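Subject: Structure handover: pockets and cavity

Hello,

Here is the structure we talked about. My notes on its pockets and its cavity follow below.

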Amino acid sequence: MSILEQNWHDWRWQFANRLRTEADFASLMELTDSEKQALSDPSFAVGVTPYFASLINVRNPACPIRRQAIPLGAESIPDIHDMADPLAEDEMSPVNNLVHRYPDRVLLIVTETCHVYCRHCTRRRRVGFEEKPISRADLANAVDYIRQNSNIRDVLISGGDPFTLGDQALEEIIKAVRAVPHVEVIRIGTRAPVTNPFRITVNLVQMLRKYHPLWINVQFNHPAEITPEASKACAMLADAGIPLGNQTVLLRGINDSVAIQKELVHKLVQIRVRPYYLYQCDIAAGIGHFRTPVSLGIEVMEQLYGHTSGFAIPTFVVDTPGGGGKIPILPQYVLCQTPDKVVIRNYEGKIFTYPLPNSKRNEV
Ligand SMILES: *Cc1c(COP(=O)(O)O)cnc(C)c1O
């Protein structure tokens, strides 16, 4: 292996050599005026691993990888609906770095650093500016909160990207959470298999598997992200017994079609990643140009249910502005309900009747 090849496969080299400036990108492709304008705006966090940048079609300004990685001028055009913190995470944060929205699970934000700063980031108000992990004091406080709330049985470690931390720093966090007796399941949300797949090393996987049951959710948004490198990273995690889920965000101009979504879920199950959520794009400030109508998500679901394997179908959710949590949205399959029957339709639009049990029967 040449020195360059060795570097290419080294996740730390990828991280340290992220493309960040107009000059960095201009050395690889001809930038559009909109991209140049956005790259000169210091209020945007920009960072792209050479690996993820290598997936960009440099001749196509609409390339789905490019549009997730390089900002556009549109990011600074406000939308009347924009909110800095659409999910009210700051309000629902009882201690630093922890969001407690649901009764039995919490979100623990362990870093604000990523391998790639996604242009559609919902947490863009805070991610990418201070590239430092959670402090020991804040971690201790957050773990204390979890310890004192015995209804918390599921801890979701996220960020930023937790897999920007080194193995030791990450293990310190996981170990502390695992030491709380009532925490049944630990989850990690990471985009590393997509944005820096070399982060998934033998050492990392050996460390993670000590803390089962451990689940990981990744974020593939487009079939072009499912490369041999990404597939290998997912295989290493899956081989360690870690169930993998995927959270896709519906993004205008990137993956806003039934055909792309269908190809994506089929490719995901081939690499043993189960589609988990399909998200309606949040109303975070600066990402309005990515939003699609909710009817598109419903149409995608309509074309998946019944048409393909059940385990390849995600749940379409709207994460509600104001902090109401994720609300699942389904096509309408129940046509009518009476005391003795429900009338339902199948994926082909054929109508069926399901007779309800006679409540008098049990009185004999
Ligand atoms: C999404 C989210 C969770 C996890 O929700 P699930 O539906 O269980 O995947 C937990 N806490 C917060 C604050 C979230 O935004």
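Start with the largest pocket. It has 50 lining residues, and those nearest its centre are Thr122, Arg123, Ser158, Gln219 and Gln247. Please keep in mind that this is a predicted model.

The volume of the largest pocket is about 1100 Å³. Domain 1 (3-70) and domain 2 (98-328) both contribute residues to its lining, so the pocket lies between them. Seven strands each supply at least two lining residues: β1 (98-102), β2 (105-109), β3 (154-158), β4 (185-189), β5 (214-218), β6 and β7. β1 has the largest share, with four residues. By class, the lining is 22 nonpolar, 15 polar and 13 charged residues.

The second largest pocket holds about 320 Å³ of space. It is lined by 18 residues; Trp215, Asn217, Pro243, Gly245 and Tyr276 are the closest to its centre. β4, β5, β6 and β7 each give two or more residues to this lining. β7 gives the most, four. The classes here are 10 nonpolar, three polar and five charged.

There is also one cavity of 30 Å³ or more. β6 (244-249), α12 (258-270) and β7 (273-279) each give two or more residues to the lining. α12 gives the most, with four. Seven of the lining residues are nonpolar and three are polar, while none is charged.

Best wishes

Note on methods:
Residues are numbered from 1 along each chain as its sequence is written. This is a predicted model: local features need pLDDT of at least 70, side-chain atom pairs count only at pLDDT 80 or more; totals for chains, interfaces and linings use all residues. Side-chain values use heavy atoms; hydrogens and water are left out. On a 1 Å grid over the protein atoms alone, a cavity is a set of points where a 1.4 Å probe fits but cannot get out, and a pocket is an open set with protein on both sides within 12 Å along at least five of seven lines; lining residues have an atom within 4 Å of a point. Grid points are joined across faces, edges and corners, and a volume is the space filled by probe spheres set on the points. Ala, Val, Leu, Ile, Met, Phe, Trp, Tyr, Cys and Pro count as nonpolar, Asp, Glu, Lys and Arg as charged, and the others, Gly among them, as polar. Domain bounds come from an automatic or database domain assignment.
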